[in-house]
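Thanks for coming. I will go through one model today, starting with a loop and working from there to the rest. Please have the structure open.

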Amino acid sequence: MKKKSWILYSIAVTAVAVVVVTAYSQENVKYVQDSAFKTKMRPGAVFLHDEHNEKAEIDDCGTCHHLYKDGVKIEDETSEDMECSECHKINGNPVPLVAKYHLRCKGCHEEKKAGPVMCSECHVK
Amino acid sequence: MHDIYNFVSGTLVWVSFILFTGGCVYRFVSMAALAKKKDPVIYEYMSLRYALRSIFHWIIPFGSENMKMHPVFTIVTFAFHICLIFVPLFLFAHIILIKESWNISWWFLSDSIADVMTLIVVGSCIYFLVRRITQPEVKFLTSISDYLILAVVAAPFITGFWTYHQFPGHKFVGIIHILSGEIMLVAIPFTRLSHMIFFAFTRGYMGSEFGAIRHAKDW
């Protein structure tokens, strides 16, 4: 009996831990993720959302989470609730979407001469 | 880091491609002019039919008697050349860089296959090195430049493997990787690597002479 309750207790603790960790990681993004990438060639790019934006002094969500209509950026609207691939469709070929991500991250880093630019600096094993 | 990266992945890429294409055109034109002056007979004997017949036999594994006599060397050299050309042209990371720069892309290899192919290139280079040191008939024809060329060819693959697997110092090695690729590209027209541009013509001439004049096979 004692043994059984110990097992139950362990399961409960694990379940709580999983829920807390999952919830936390959704709150504070650690990797660039997109469900459209089915098979991953490299580890996801390390990206600490809040820390990055504080350091880079980005206040406008639309800098990354932009929204376009007929090729024109809608200034007051943003797209945090969407995945990039919802607009930048993959259609069986990941290359265009990967390039979009790279241009968004690496493009800005090159422009500002700050932040990582080489493959292994973001895709850390 | 940004300045060095931008220099080697921007300016130097242009410089190396210009030297590579310009060098190939220059070597080709000057070789054609030299042949016209010293060996005008080449132009007389060159035959498209016999040239293609010979090239065909020599680009098929075990298509020539010589290849049948050296089976290990034949397998290594074919595997080496296929991997050497396919990996840089169809590597996913390279495709992405080209897509970012020029918005064009093409078919790519999976990283795990490219990884194995990279090891085949490096392993083949080691085989060629050992062959140069141990085989008397090859050693006799070997000079320092042959070892240097082997190093120039192996370097982009060793450094590429190193950065991909993120072994210690991978950021620095990544820069060396780009640089070594550029050095190899520039070396193609100006070293023995120029067989890339001349192979079809040297083989084609042999085929022409053996086919049309001696009425014999040259494979």
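I start in chain B, in the loop between helix H3 (48-59) and helix H4 (65-69), where B:Phe62 sits. Before going further: this is a predicted model. The phi of B:Phe62 is near 60 degrees, a positive value in a residue other than glycine.

B:His215 belongs to the segment after helix H11 (195-213) of chain B. With 7 other C-beta atoms within 10 Å, B:His215 is exposed.

Now the chain as a whole. Chain B has 11 helices and 0 strands. The C-alpha trace of chain B spans about 60 × 35 × 35 Å along its principal axes. Chain B has 219 residues, and 21% of them count as buried. If we take the contacts in chain B between residues at least 6 apart in sequence, 63% join residues at least 24 apart. On confidence, the average pLDDT of chain B is 95, and 100% of its residues score at least 70. For the model, ipTM is 0.82 and pTM is 0.87.

Chain A next. Its secondary structure comes to 4 helices and 2 strands, in the order α-α-β-β-α-α along the sequence. Chain A has 125 residues, of which 7% are buried. For contacts in chain A between residues at least 6 apart in sequence, the share that joins residues at least 24 apart is 32%.

Let me go to helix H7 of chain B. Take B:Val87 as an example of the packing: leaving out residues up to four places away in sequence, B:Val87 touches B:Ala114, B:Met117, B:Thr118 and B:Val121.

B:Leu129 is also in helix H7 of chain B. B:Leu129 has 15 C-beta neighbours inside 10 Å and therefore counts as partly exposed. Between B:Leu129 and B:Tyr147 there are 7.3 Å in space, C-alpha to C-alpha, and the two are 18 residues apart in sequence.

How many residues does the largest nonpolar core have? It has 23, and the residues with the most contacts inside it are B:Cys83, B:Leu84, B:Val87, B:Leu91, B:Met117, B:Val121 and B:Cys125. At least two residues of this core come from each of the following: H3 of chain A, and helix H5 (71-90), H6, helix H7 (111-134), helix H9 (144-164) and H10 of chain B. Both chains therefore have a part in this core, with H3 as the element listed from chain A.

So to H3 of chain A, residues 95-112. Its 18 residues should span 26 Å at 1.5 Å a residue, and the end C-alpha atoms are 25 Å apart, which agrees. H3(A) does bend, by about 30 degrees at A:Leu103. Which residues of H3(A) are buried? They are A:Val98, A:Ala99 and A:Lys106. The buried residues of H3(A) pack against helix H6 (92-102) of chain B. Just after H3(A), A:Lys113 has a positive phi of about 55 degrees.

Last, the contact between the chains. It takes 14 residues from chain A and 16 residues from chain B. On the side of chain B that touches chain A, helix H1 (2-38), H6 and helix H10 (170-190) each supply at least two residues. H6(B) gives the most, with 6 residues. By class, that side of chain B has 5 nonpolar, 7 polar and 4 charged residues.

To close, one point to look at on the screen: H6(B), which gives the most residues to the side of chain B that touches chain A, is also what the buried residues of H3(A) pack against.

Terms used
Residues numbered from 1 in each chain as written. Chains lettered and ligands numbered in written order. Predicted model: local features only at pLDDT ≥ 70, side-chain atom pairs only at ≥ 80, totals over all residues. Buried ≥ 20, exposed ≤ 12 C-beta atoms within 10 Å, placed from the backbone. Contact = placed C-beta atoms within 7 Å. Expected span 1.5 Å × (residues − 1). Bend = angle between axes of the 7 residues up to and from the residue. Nonpolar A, V, L, I, M, F, W, Y, C, P; charged D, E, K, R; others polar. pLDDT = per-residue confidence, 0-100. Core = buried A, V, L, I, M, F, W, Y, C linked by C-beta atoms within 7 Å.
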